[in-house]
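User: I would like to learn how to read the features of a protein model. Please take them one by one, with the general idea before the case.

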Amino acid sequence: VRFPEDLEDDNTTFNPEYSHQVFGDDEVAFGYKGLKIFLYYIAGNLSTLFRIEYTSKVNEKFDCVEADDVESKIREIIPPGFCTNTDDFVSLLEKEVNFKPFGMLLHTYSIHNEEAGEDITYQIYKADMTCPGFREYHERLQTFLMWFIETASFIDVDDERWNYFLVFEKYNKDGATLFATVGYMTVYNYYVYPDKTRPRVSQMLILPPFQGEGHGAQLLETVHRYYMSSPTVLDITAEDPSENYVKLRDFVHVKLCQDLLCFSPGKLMQGFSQEMVMEAQQKLKINKQHTRRVYEILRLRATDMGDAEQSRSYRLDVKRRLIGPYKKKQRELAKMRRCLRPEELTNQLNQIDLNMQHEQLEESFQQLVSDYRRVLERLAQA
């Protein structure tokens, strides 16, 4: 909500992707007809209005059953101090002009908005719990995780090893410049013996109204650039990354790596090298596993897949990496031959069908190439 009229505007409304973390695996609230749960957030500081509507509710006295306590379930995830009536909320909205982003400005960028017909400016900040008001703001911000990240949990904000990166949109209201929350990322700094740290991305969320506009890539690249300047950072990883996050990371890593000399077309055609591993880690804080994916994507771009020899060389190179888990199975099979009785061995062999392995390997390769092509298409448009 930026303006009072947004309260009645369905275009500013978005629905949760998940509700199982609040309402159970069946995502059901029992005992209501026409139930509507409304959560409104002021765009900048995320002050909250919460209310419930329904046309009827089962009555324990007459229906011998009790309706779910929906209000208590929501109160468990939103911090206290929220509004329950619209007038209080609108009066808070009038004070929004005083809200300013928390922490240190890291990056400013613009994206052209077709609907508005103009460029809109965004800023990325790094904050921590010492910033006045940030702890309360973060309590409100993290409530979005429950609706948009499938396995979300709230973090221990008293642990000083957390870093917070925030994206804001700048917009005008009655001649003043205001800020709207776009999304954020939390990063935990793990200790690596003897004197390094390994930042690990824990949570990342771009709010639905801003998704598909490139903010995730801007945020991840800014976080990489922030840590790149630190000699004590070893590399950057992610905790349990989703499929969408992996695609985003591939794009950002390739964008960062493509200008390194070790990834020039001539060197790519010579194969994956230790030089690539060293340079990507030292200059960009990208680990060996992720560097290998960057190499495969950039080598695909440098390869003429219409040329039979180049195409075969690329396919064999990628499949040599993909075949690792299958080779492990073969080693396990060799051990079984020495240890198992004939009937047990037959049972295990039935589970390791070599033809099936070859089919799975080819499927994995084709899926990978398809994903890589999407990264290269996005890179060409960037």
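Predicted model: local features only at pLDDT ≥ 70, side-chain atom pairs only at ≥ 80, totals over all residues.

User: How many helices and strands does the protein chain have, and what box do its C-alpha atoms fill?

Analyst: Begin with the inventory and the overall extent. The protein chain has 15 helices and 10 strands. Along the principal axes, its C-alpha atoms fill a box of roughly 70 × 55 × 45 Å. Of its 382 residues, 42% count as buried. Contacts show how the chain returns on itself: among those between residues at least 6 apart in sequence, 65% join residues at least 24 apart.

User: Which domains does the assignment give, and how much area is buried between domain 2 and domain 3?

Analyst: Read the bounds, then the contacts across them. The domain assignment gives domain 1 (4–96), domain 2 (99–300) and domain 3 (322–381). Between domains 2 and 3, 13 residues of domain 2 are in contact with 10 residues of domain 3. The area buried there is about 1100 Å², with carbon and sulfur atoms giving 73% of it. On the domain 2 side, Phe251, Ile297 and Leu300 lose the most area, together 52% of what that side buries. Phe251 also takes part in another arrangement: the charged end of Arg378 sits over its ring, 4.2 Å from the centre.

User: How many aromatic pairs does a search of the whole structure find, and what is the geometry of Phe3 and Tyr171?

Analyst: The search finds 25 aromatic pairs. Phe3 and Tyr171 are edge-to-face, at 6.4 Å centre to centre and 70 degrees between the planes. Phe3 belongs to the segment before helix H1 (20–23) and Tyr171 to strand E7 (residues 162–173), so this pair links parts of the chain 168 residues apart. Phe3 is partly exposed at 27% relative accessible area, while Tyr171 counts as buried at 7%.

User: Is the pair of Tyr314 and Phe365 stacked, tilted or edge-to-face?

Analyst: The pair is tilted, with 6.3 Å centre to centre and 55 degrees between the planes. Tyr314 lies in helix H12 (residues 308–322) and Phe365 in helix H15, so the pair ties together parts 51 residues apart in sequence. Tyr314 is buried at 1% relative accessible area, and Phe365 is buried at 4%. Aromatic residues can also form a cluster: Phe99, Phe102, Tyr125, Phe134, Tyr137, Tyr164 and Phe168 form one.

User: Which residues of helix H10 are buried, and what do they pack against?

Analyst: An α-helix has 3.6 residues a turn, so residues three or four places apart point the same way. In H10 (residues 274–284), the buried residues are Met276, Val277, Glu279, Ala280 and Leu284. They pack against helix H7 (215–228), helix H8 (243–257), helix H9 (265–268) and helix H11 (288–302). Lys285 follows H10 and has a positive phi, near 60 degrees.

User: What should I look for in the backbone angles of Leu46, Asp174 and Pro194?

Analyst: Most residues other than glycine have a negative phi, and most peptide bonds are trans. Leu46 has a positive phi near 65 degrees and is found in the loop between strand E2 (36–41) and strand E3 (48–53). Asp174 has a positive phi of about 55 degrees and is found in the loop between E7 and E8. Leu46 is buried at 2% relative accessibility, whereas Asp174 is exposed at 78%. The peptide bond from Tyr193 to Pro194 is cis, with omega near 0 degrees. Pro194 is found in the loop between strand E8 (176–192) and strand E9 (196–206).

Definitions and conventions:
Residues numbered from 1 in each chain as written. Heavy atoms only, no water. Phe/Tyr/Trp six-rings, centres within 6.5 Å; stacked < 30°, edge-to-face > 60°. Helix = DSSP H or I, 4+ residues; strand = E, 2+ residues; numbered from the N terminus. Buried < 20%, exposed > 50% of the residue type's maximum accessible area, 1.4 Å probe, protein only. Lys NZ or Arg CZ within 6 Å of the ring centre and 35° of its normal. Domains from an automatic or database assignment. Contact = heavy atoms within 4.5 Å. Buried area = accessible area lost by both parts, 1.4 Å probe.
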